[in-house]
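Please walk me through this structure, one chain at a time.

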Amino acid sequence: MKPASFKYYAPESLEEALVLKAQYGDEARILAGGQSLIPAMNFRIMQPTVLLDLNLLAELSYISSKESAVLHIGAMTRLSEVEDDPLIADRVSLLHESLPYIAHPQIRNRGTVGGNIAHADPAAELPVVALATKSRFRVQSTNGSRWINSDDFFRGYFETAIDSSEILVELEVPFHAASTGWAFLEVSRRSGDYAMAGIAAVITLDSDYICRKARLVYLNLSDAPLEAKQSADMLVGETLSDELISQVANKASEEEIMPMESLHATVNYQRHLACILTKRALKLAYGRAKET
Amino acid sequence: MSDNHLIKVTINGTKHTSSVEARMLLSDFIRHELGLTGTHVGCEHGVCGACTVILNGISVRSCLMFAVQVHGQQITTVEGMATKATDLHPLQEAFREAHGLQCGFCTPGILMSLIPFLDDNPSPSEEEIRAAISGNLCRCTGYQNIVNAVKLYLERDS
Ligand SMILES: Cc1cc2nc3c(=O)[nH]c(=O)nc-3n(C[C@H](O)[C@H](O)[C@H](O)COP(=O)(O)OP(=O)(O)OC[C@H]3O[C@@H](n4cnc5c(N)ncnc54)[C@H](O)[C@@H]3O)c2cc1C
Ligand code: FES
Ligand code: FES
């Protein structure tokens, strides 16, 4: 239960961090909050030879809304800061609502937005929220920076589109559009545990309460956050009757998700959870969309 | 390949200077190097909360940080709660009276989670108290008396 030896760097600027990342490539792991990396090192599941600790980089810790309609969150912003941010609570309520589901308060005090996303655990909350809100990620290397859409970012278990010379520096989250309702729900065995199943639902209505846009994204029901596009499309152009909601829930849970049997849940049980969560989430999101 | 670093850190008001290997966990530094064994180690993967300490005013898991990362920072452990080593902090008094502990293994971590929480939120609801200690496992008390102890402390404090 002790980590193997490694060479430790604590760069004092992003510039310096990028040079080190370019130099060491895959050999160097980024140390953000350490709340996923250090447990893995304690178990020696991971034995990186070089750690680049980003904790001195205040320049990567911010929540800013200089542009209208979007919010930028620096990669090293702590999860607890996002949880407490009033602007996020108001304008990206889905993100706000997902935060308390992530681990425990002490873990959120240390864990970062960038770490939660870069780690790409299919059971993590922020990747699901990012996909549901159509967020983008900015990654940077000594050669410059590029934006990656959340649709192209998650590649499977703990795999992302970040290159070995790049560091994730920022997340861009759009504000919820007008007449938009949201819901984030999950089922886990204990408070703070990784969930057995979860969902983020976002729907936008027109003035007649007809659904104009819908996104349904599932947590821990595939090897990456999974967007159920066909099921969500069934909602577009329709009013959300209980009957339609049931049809969508059945389609998503039977046909679109790809659950993997685990110690805690059989595939059938995961499909059952997905079906119930979809119904609840759609009703909640629909009600909220009508109120806004 | 040992990678040593010189760190200066203030723990419970006392400055310490030490050379640590990069891979040394903060929990091991506190217990083995400084001999402050009030900080307990249950799981070393962030689940149990026994190792919780206060870093610059916020609760963190000391098993999920390296000692080298606290260079220049302030830490409080359970030993630093009361004003004198022989005294108890009023929250500790309340734990004693309300039977907020049995074996006591989880207690330091619970206290280190509660102190910053109660600073931020001096009159929490029961639900908020339970959420604040939701990341701390206790195998003895069933939590009820821990919650009662916090309530007793708050009653007296007001
Ligand atoms: C007991 C416990 C329960 C938890 N429960 C949950 C839960 O329910 N839901 C959940 O989502 N998470 C959970 N977590 C994980 C927690 O949220 C982590 O904090 C988070 O997943 C990773 O964030 P971090 O900042 O700690 O990253 P680290 O652990 O520092 O890093 C994680 C990985 O991402 C890489 N990385 C980090 N930052 C960057 C960057 N800027 N650029 C490129 N790569 C980077 C690292 O190299 C590493 O491979 C739990 C953790 C614990 C200990
Ligand atoms: S020993 Fe740190 S959380 Fe269990
Ligand atoms: S008192 Fe024994 S573990 Fe809590």
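A residue is called buried when its relative accessible area is under 20%, exposed when that area is over 50%, and partly exposed in between. Keep those cut-offs in mind, and remember that this is a predicted model.

Start with helix H3 of chain B, which covers residues 107-120. This helix has 14 residues. From its first C-alpha to its last, H3(B) reaches 20 Å, close to the 20 Å expected at 1.5 Å a residue. How many of its residues are buried? The count is 12 of 14, so H3(B) is mostly covered under the cut-off of 20%. The buried ones are B:Thr107, B:Pro108, B:Gly109, B:Ile110, B:Leu111, B:Met112, B:Ser113, B:Leu114, B:Ile115, B:Pro116, B:Phe117 and B:Leu118.

Three of these names come back when we turn to B:Ile54. This residue is found in strand E3 of chain B, residues 52-55. Which residues does B:Ile54 touch, not counting those up to four places away in sequence? From H3(B) come B:Met112, B:Ile115 and B:Pro116. B:Gln74, B:Ile75 and B:Thr76 are also touched by B:Ile54. Look at the pair B:Ile54 and B:Pro116. They are 62 residues apart along the chain, yet their C-alpha atoms are separated by 7.7 Å. Is B:Ile54 buried or exposed? Its relative accessible area is 8%, under the cut-off of 20%, so B:Ile54 counts as buried.

Helix H1 of chain B spans residues 26-33, and its buried residues are B:Leu26, B:Ser27, B:Asp28, B:Phe29 and B:Ile30. What covers them? The cover includes strand E1 (4-11), strand E2 (14-21), E3 and strand E5 (74-76) of chain B. Just after H1(B) sits B:Gly35, with a positive phi of about 70 degrees.

From the N terminus on, they run β-β-α-β-β-β-α-α-α-α. The radius of gyration is 16 Å, close to the 15 Å that the globule rule gives for 158 residues, so chain B is as compact as a globular protein of that length. Its C-alpha atoms fill a box of roughly 50 × 30 × 25 Å along the principal axes. Of the 158 residues, 54% count as buried. Take the contacts between residues at least 6 apart in sequence: 54% of them join residues at least 24 apart. The accessible surface of chain B comes to about 7300 Å², and 48% of it belongs to carbon and sulfur atoms. Chain B carries 11 positive and 16 negative charges, whose mean positions are 4 Å apart.

Move on to chain A. Here there are 12 helices and 14 strands. The radius of gyration is 19 Å, close to the 19 Å from the globule rule for 292 residues, so chain A is as compact as a globular protein of that length. Along its principal axes, the C-alpha trace spans about 60 × 45 × 30 Å. Buried residues make up 57% of the 292. Among contacts between residues at least 6 apart in sequence, 63% join residues at least 24 apart. The accessible surface of chain A is about 12300 Å², with 47% belonging to carbon and sulfur atoms. The mean positions of its 28 positive and 38 negative charges are 2 Å apart.

A:Thr77 is found in the loop between strand E5 (70-74) and helix H3 (79-84). Its relative accessible area is 0%, under the cut-off of 20%, so A:Thr77 is buried. Leaving aside neighbours within four places in sequence, A:Thr77 is in contact with A:Leu60, A:Ser61, A:Tyr62, A:Ile63, A:Val82, A:Gly111, A:Thr112 and A:Val113. A:Lys134 is found in the loop between helix H8 (125-132) and strand E6 (136-141). Is A:Lys134 buried or exposed? At 52% relative accessibility, over the cut-off of 50%, A:Lys134 counts as exposed. Its phi is near 55 degrees, a positive value in a residue other than glycine.

Note on methods:
Residues are numbered from 1 along each chain as its sequence is written. Chains are lettered from A and ligands numbered from 1 in the order in which they are written. This is a predicted model: local features need pLDDT of at least 70, side-chain atom pairs count only at pLDDT 80 or more; totals for chains, interfaces and linings use all residues. Side-chain values use heavy atoms; hydrogens and water are left out. Helices (H or I, at least four residues) and strands (E, at least two) are DSSP runs, numbered from the N terminus. The radius of gyration is taken over C-alpha atoms; the globule rule is 2.2 Å times the number of residues to the power 0.38. Buried means under 20% relative accessible area, exposed over 50%, partly exposed in between (1.4 Å probe, protein chains only). Contact means heavy atoms within 4.5 Å. Accessible areas come from the Shrake-Rupley method with a 1.4 Å probe; for residues, only the protein chains shown count as cover. Lys and Arg count as positive and Asp and Glu as negative; His and the chain ends are not counted. The place of a charge is taken as NZ of Lys, CZ of Arg, CG of Asp or CD of Glu. The expected span of a helix is 1.5 Å times one less than its number of residues.
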